[in-house]
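Hello,

Here is the structure I said I would pass on. Please look through it first, then read the notes below it.

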Amino acid sequence: RAQVQRADDVLLLLDQIERSALSAESAQRGYFITLDPRYIEPYQRSRTQVSDALGELDRALGEDASKAQRQHYDSVVAALDDKFGELDETIGMVDQGKILDARRRILEGAGYNAMQRLTAAINRLSDIENRRRHANWRSRATVRTCWRKSSTTGSRTCSRWCLPSSR
């Protein structure tokens with residue numbers, strides 16, 4: 001159960017990291033388009049959420065993380081460093097009134113590429129966690145035929161994998 005909970009925690013943190021990075025990107029875009037400083041607070045909040053979630057993810061992976069998990073974690077960190085570097089730089093340019101420079105920087109595509117790398121690394125790490133979670137579930141399951149009465153049709157259905165009772 002602890003391994004399943006750990007995998008669930010890791011998957012939740014990966015989702016939080018991705019959503020927070022997207023929120024930061026959205027806030028940067030809003031600031032760039034409107035020049036409204038109210039977008040800076042959501043940007044900073046998202047940045048803090050990403051940092052906190054990365055620390056929690058590192059602890060959740062723990063010392064028993066596989067080499068592949070560590071490599072993908074490092075790829076997540078590197079992509080986030082690149083993405084937030086681009087976001088910080090363009091927000092700074094907007095602050096200085098260098099709108100065209102900020103636009104050029106955004107259009108270079110470094111931020112887009114960083115988000116693509118981030119998504120790919122998160123997906124690879126999620127795949128590992130899902131496989132570990134599934135393997136743990138299967139190792140706890142017993143192979144036997146379990147007949148269950150369908151609540152909708154009343155007919156009997158067969159399930160080949162059954163988790164042991166928690167008694």
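A helix here is a DSSP run of H or I with at least four residues, and helices are numbered from the N terminus. Keep in mind that this is a predicted model. Just after helix 1, Leu35 has a positive phi of about 60°.

Helix 1 itself covers residues 2-34. It has 33 residues and spans 47 Å from its first C-alpha to its last, which is close to the 48 Å expected at 1.5 Å a residue.

Next, the packing. Two packed helices are described by the angle between their axes and the distance between the axes. For helix 1 and helix 3 (residues 67-95), the angle is about 15° and the axes are 10 Å apart. Angles under 35 degrees count as roughly parallel, so helix 1 is roughly parallel to helix 3. The crossing of helix 1 with helix 3 is left-handed. Among the residues that make this contact are Ala21, Ala24 and Phe32 of helix 1, and Phe84, Leu87 and Ile91 of helix 3. The contact residues divide into 11 nonpolar, 3 polar and 5 charged.

Is Tyr43 buried or exposed? Tyr43 counts as buried, because its relative accessibility is 4% and the cut-off for buried is under 20%. Leaving out residues up to four places away in sequence, Tyr43 touches Ala24, Ala27, Phe84, Leu87, Asp88 and Ile91. Tyr43 and Ala21 are 22 residues apart in sequence, and their C-alpha atoms are 9.1 Å apart in space.

Regards

Terms used. Residues numbered from 1 in each chain as written. Predicted model: local features only at pLDDT ≥ 70, side-chain atom pairs only at ≥ 80, totals over all residues. Heavy atoms only, no water. Axes fitted to C-alpha atoms, helices over the stretch in contact; angles between N-to-C directions. Helix = DSSP H or I, 4+ residues; strand = E, 2+ residues; numbered from the N terminus. Parallel < 35°, antiparallel > 145°, perpendicular 65-115°, else oblique. Left-handed = near helix turned anticlockwise from the far one by under 90°. Contact = heavy atoms within 4.5 Å. Nonpolar A, V, L, I, M, F, W, Y, C, P; charged D, E, K, R; others polar. Expected span 1.5 Å × (residues − 1). Buried < 20%, exposed > 50% of the residue type's maximum accessible area, 1.4 Å probe, protein only.
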